Amino acid sequence: MTTFAAWDEKQGAEIIEAHKALQGAALPILHALQAAFGFIPDRAIEMIALALNLSRAEVHGVVTFYHDFRRELPGRHVLKLCRAEACQSMGADQLADTARQALGIDWGGTTADGRVTLEPVFCLGLCACAPAAVIDGKLVGRLTPTLLASTIAEARS
Amino acid sequence: MSMRVFIPMDSAAVAVGADEVAAAVAKQGIPVTRTGSYGLCWLEPLMEVETSEGRFAYGPMTPDDVSGVLEAGTRHKLCIGKIDDHPFMRSQKRLVFARCGRIDPLSLAEYRAYGGLRGLNVAVKIGADATLEAVITSGLRGRGGAGFPTGIKWRTVKEAKGDIKYIVCNADEGDSGTFADRMIMEGDPFAVIEGMIIAGIATGAQRGYIYIRSEYPAAVAVMQQAIARARAEKLLGSNLLGSEYVFDMDVRVGAGAYICGEETSLLESLEGRRGQVRAKPPLPAHHGLFGKPTAVNNVISLVSVPSILADGPETYKSLGVGRSLGTIPIQLAGNIKYAGLYEVPFGMTLGQLVMDVGGGTATGRPVRAVQVGGPLGAYFPQSLLDTPFDYEAFTAKGGLIGHAGIVVFDDTVDMARQARFAMEFCAIESCGKCTPCRIGSVRGVEVIDKIMGGNAVDDHLKLLDDLCSTMKSGSLCALGGFVPFPVMSALQHFPEDFRKRRLAA
Ligand SMILES: Cc1cc2nc3c(=O)[nH]c(=O)nc-3n(C[C@H](O)[C@H](O)[C@H](O)COP(=O)(O)O)c2cc1C
Ligand code: SF4
Ligand code: FES
């Protein structure tokens, strides 16, 4: 389980300040904010725009371009399943169907109880140990239906 | 001699339990050195025990096997002998991966002891012009996908006017079936740094970035630590290694966009913007990062360079076939028995790689399709397995080598579904700049859905063909432009999968 700090404007401002002198600072700032708070709030977009002398629309455009950046807090557990070809060849599609059914959500969704978010990922570089997943930041290779089922059961309990 | 144990900290090994095995060894009071992976991935977690007769390997290990292995030694059933005697290793020619798996990735002393910095020392001694000349002579072509001659790109950067020049290492490695960049960053990060410094010397660039995809947090951490150590030991910075040269570099992390592996999109991303592809010209070599002359190179291209300088370009170019010279770290992935990293000179056939080296499928079923070169690479049937691993030979068969990932599928694969996925992936990852790619890929998914549903199949096959032609000719970059390869190759080689009338789900 990953826990994030509640959004705090002062802490957010410090993070922006710490990175804003970097060349091309937008991505480093966004990564650092998301690592702290779990997502990128609207207020952070305004603050980044001000700090980097960009328009809010520009920063918003950056945030929405990249799949990594979330606009909402994820569930308490984040399950990322690899959907790419090498994992498909070892049964990733079936695992994905199982997960979506068991959780009752589609890609990018979070269960109603806020416990689990399911995200797709396209290759983790574990293609020689497929199928692969990331469960709360921990890499898992040779994922089996049994392991997936027990992971989901554990996350939901 | 006190016992020493080696266990990889490579992500693939960790993903199948290497940390737990290491903890079990440490619990017995035996020191563990964490290394990179040798790339015998089906044997991960692999463990080596150093004895007076050398390092003996065991795998795949579980924590429960640890005490048995430590007691029984080479008599244990998991013992595979010495790693260099294993047929999978013995038949390779490891230049890029010479040290990976062997050394502590973050020990600069071990890096030197195993041949590291030999190339850089030569470059410092012979100077910029001769270094550039050596890379041109070697015939090295970029390993990121396009196969462009590295030396020629560097010459363009060297000749470009600019107060500041950059070396950008492309570690976005988004292609499914590829993990060579990840393995070398995690297992031998100083080799990446050495390659970048030599690129800096050859081009006159003093500043570098390595752009690593966010899906590789372990590689990011190892590279950051290696850079800090290299700075502390004056391998990076001004007067590096006591020479007149200056070079320093930093890590930047991507954010989950496949298109950011395309070099101009990568530069946009490094500048802090949306990763939208730039039209070329101007070339990045003239007008690259922040408008300055920039060499963008793949990780493996850069790590190929030190051995070219250390052993001479003639030695390097004596390996390989045709215009595909030197060695290529091939990644055997997906449904293949002996999955892993296999570095050899160009020229082996796809069949030798998949069947002889790879042992066929992991499931034991017949091989039906092989995709080489990632999501934009063609699907080859059995009948094309005689294609030699060579840029031109693959092009001639409608395929591409790309970053040299091979993904094997058994006879349960549905090729219409694979074609659909290729379009879906393009729709998800399109940067949005051109209509044929942005809209065409969405249309492509719809059309394939109709075909899979048995709905006016002939008309929709014709439509799919037209759509692919439009995408090929009307796309700015190879995402929209090459996605027709997997789609059309599936259709061409496996037409039966598009003709089965399906029942509605
Ligand atoms: C859609 C797309 C994705 C790409 N992804 C990568 C990548 O992940 N890594 C890489 O090195 N090159 C990638 N490339 C190729 C780069 O644009 C560029 O050719 C390469 O980084 C140049 O380095 P090289 O000459 O050393 O190969 C990609 C190209 C396209 C069109
Ligand atoms: S082909 Fe697709 S990814 Fe490439 S520039 Fe056009 S829209 Fe962007
Ligand atoms: S395709 Fe799943 S890890 Fe590479």
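## The two domains of chain A

In this predicted model, the C-alpha centres of domain 1 and domain 2 of chain A are 29 Å apart. The domain assignment places domain 1 of chain A at residues 9-65 and domain 2 of chain A at residues 77-156.

## Where chain A meets chain B

Let's turn to the interface. On the chain A side, 37 residues make contact, and they touch 62 residues of chain B. Together the two chains bury about 3,700 Å², and carbon and sulfur atoms account for 56% of that area.

## The domains of chain B

Chain B is assigned four stretches: domain 1 covers 4-90, domain 2 covers 108-317, domain 3 covers 320-410 and domain 4 covers 415-499.

Domain 2 and domain 4 of chain B have C-alpha centres 35 Å apart. Their contact involves 10 residues of domain 2 of chain B and 8 residues of domain 4 of chain B. Between them, domain 2 and domain 4 of chain B bury about 720 Å², with 71% of it on carbon and sulfur atoms. In domain 2 of chain B, the residues that lose the most area to domain 4 of chain B are B:Tyr258, B:Ile259 and B:Val277, which together make up 61% of what that side buries.

## Cavities in the model

How many cavities of 30 Å³ or more does the count give? There are 5, and the largest cavity has a volume of about 70 Å³.

The largest cavity is lined by 13 residues, and those closest to its centre are B:Val277, B:Cys431, B:Cys434, B:Cys437 and B:Cys477. By type, the lining of the largest cavity is made of 8 nonpolar, 4 polar and 1 charged residues.

## Ligand 2 and its surroundings

What sits in the largest cavity? That place is taken by ligand 2. There are 13 residues around ligand 2, and the closest are B:Cys431, B:Lys433, B:Cys434, B:Cys437 and B:Cys477. The shell around ligand 2 divides into 8 nonpolar residues, 4 polar residues and 1 charged residue.

Key: Residues are numbered from 1 along each chain as its sequence is written. Chains are lettered from A and ligands numbered from 1 in the order in which they are written. This is a predicted model: local features need pLDDT of at least 70, side-chain atom pairs count only at pLDDT 80 or more; totals for chains, interfaces and linings use all residues. Side-chain values use heavy atoms; hydrogens and water are left out. On a 1 Å grid over the protein atoms alone, a cavity is a set of points where a 1.4 Å probe fits but cannot get out, and a pocket is an open set with protein on both sides within 12 Å along at least five of seven lines; lining residues have an atom within 4 Å of a point. Grid points are joined across faces, edges and corners, and a volume is the space filled by probe spheres set on the points. Ala, Val, Leu, Ile, Met, Phe, Trp, Tyr, Cys and Pro count as nonpolar, Asp, Glu, Lys and Arg as charged, and the others, Gly among them, as polar. A residue is near a molecule or strand if one of its heavy atoms lies within 4 Å of it. A molecule sits in a cavity or pocket if more than half of its atoms lie within 2 Å of its grid points. Domain bounds come from an automatic or database domain assignment. Contact means heavy atoms within 4.5 Å. Buried area is the accessible area (1.4 Å probe) that two parts lose on being put together, summed over both.
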